[in-house]
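Here is a friendly briefing to read alongside the structure. Take a moment to look it over, then follow the topics one by one.

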Amino acid sequence: MDTKGKFRCVRFASGEVGLVDGQDNALQVLGQWDDLKFGTRGFLHITNQGRSAYMDMKNGELYAQMPEFMNIGRFELTVIGGYMCTRTKKIYETPEVPKEILQAVDHGMYLVLPFDGEPSDEIKNRMIVRKKPYLVCLLDGDDSGVYWLIDSFADDSPLVMDDEGNYFHAEMDKMTRKAVKTALGKVDNVAAKAMMTYRTREISAVKDQLMKDRKAAARERAARNRVKNMEAIAGAEPFRIGNKWGLRIDGRIAVPPIYRTVEPPIGHYCVMENTCGCWGVVAVDGKVEIDPRYEKVVLHEDGTAELTVFKGKVITKKLGN
């Protein structure tokens, strides 16, 4: 009756309609209906005695009318009759579209959904972390159903649990960009719960250190790039508007005229004075290197600054560090 890719809508010898694959394996037998065709967005269009129905091929759910669709990042949800539904094999639905969904953060590999109600005591007893409101989540690439969102680590990778108490740590696969689950075990007693708590703390410590290392590496790269960019800056000069001084480079304002004084650059830095008569240092790219709160500032060609503080005490600071 209809063909789409490797799938076909057919009428079997029994008179029933259904879906088969390219090897004629019956995937679904739907009943004694008049017509069956492929619809849009992975739905089947069923006709019987002049009436239409629509079946989601992903989970077999039957609708009296074609749902509306809501896309958040990589995730597609259906909305029909005031209900929001997932397109997973085990459907999760809420009686309305939660405002949290409309404001959802795109975590890439998982989508957080609010849980409508209170989990059973059995499920709550399996949770090593209880956070209200209770949340569930979809994992990209996993269409089995939703998982309880137990926690997330420093790199935003989630710790999830299914209804049977099986725990998983999901991370994004670098090639497919989809979630890949690592099974951590099952919580079904007090000892298992304690062991799971210990194991997830180990993962958390590893992730914390990983994020610290990444942030440190990012800061180092940013500092190196900034040095290169400042080395390429030439022709920086102070300019005045009214009684205020700033700094411009080739006619472009790098530092707006907000200071009482801006002295000519020494290397990549300028001594500046704020309105209260205190002195500091601003770089030619506009970044304030030393806040203006010193009695006197002297710059040297080697990038050091002598800062005179209260009662004439002088401290030395290496700029750019």
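A residue is called buried when its relative accessible area is under 20%, exposed when over 50%, and partly exposed in between, using a 1.4 Å probe and protein chains only. This is a predicted model, where local features need pLDDT of at least 70, side-chain atom pairs count only at pLDDT 80 or more, and totals for chains, interfaces and linings use all residues. Residues are numbered from 1 along each chain as its sequence is written, and side-chain values use heavy atoms, leaving out hydrogens and water.

**Salt bridges**

- A salt bridge here is a side-chain nitrogen of Lys or Arg within 4 Å of a carboxyl oxygen of Asp or Glu, and the whole structure has 19 of them.
- E76 pairs with R41, with their closest N and O atoms 2.5 Å apart; E76 sits in strand β10, while R41 is in the loop between β5 and β6, 35 residues apart.
- Helices (H or I, at least four residues) and strands (E, at least two) are DSSP runs, numbered from the N terminus.
- E76 is buried at 19% relative accessible area, whereas R41 is partly exposed at 39%.
- E76 also meets R87, at 2.4 Å from N to O, and R87 is buried at 6%.
- Salt bridges with shared partners join R41, D56, E76 and R87 into one network.

**Nonpolar cores**

- A nonpolar core is a set of buried Ala, Val, Leu, Ile, Met, Phe, Trp, Tyr and Cys residues joined through side-chain atoms within 4.5 Å.
- The largest core has 25 residues, and M127, W148, I150 and Y167 touch the most other members.
- Strand β10 gives the most to this core, with three residues.
- Another core lies apart from it, with 24 residues that include L247 and I290.

**A strand with two faces**

- In a regular strand, side chains alternate between the two faces of the sheet.
- Strand β26 (residues 296–299) has V297 and L299 on its covered face, with K296 and V298 on the uncovered one.
- Four bridges join β26 to the antiparallel strand β27 (residues 304–308); two strands pair if DSSP finds at least two bridges between them.
- V298 has E306 in β27 as its bridge partner.

**Cysteines**

- How many disulfides are there? The count is zero, a disulfide being a pair of cysteine sulfur atoms within 2.5 Å.
- The sulfur of C270 is 18 Å from the closest cysteine sulfur, in C278, so they are too far apart for a bond.
- For C278, the closest cysteine sulfur is in C276, 6.1 Å away, which is also too far.
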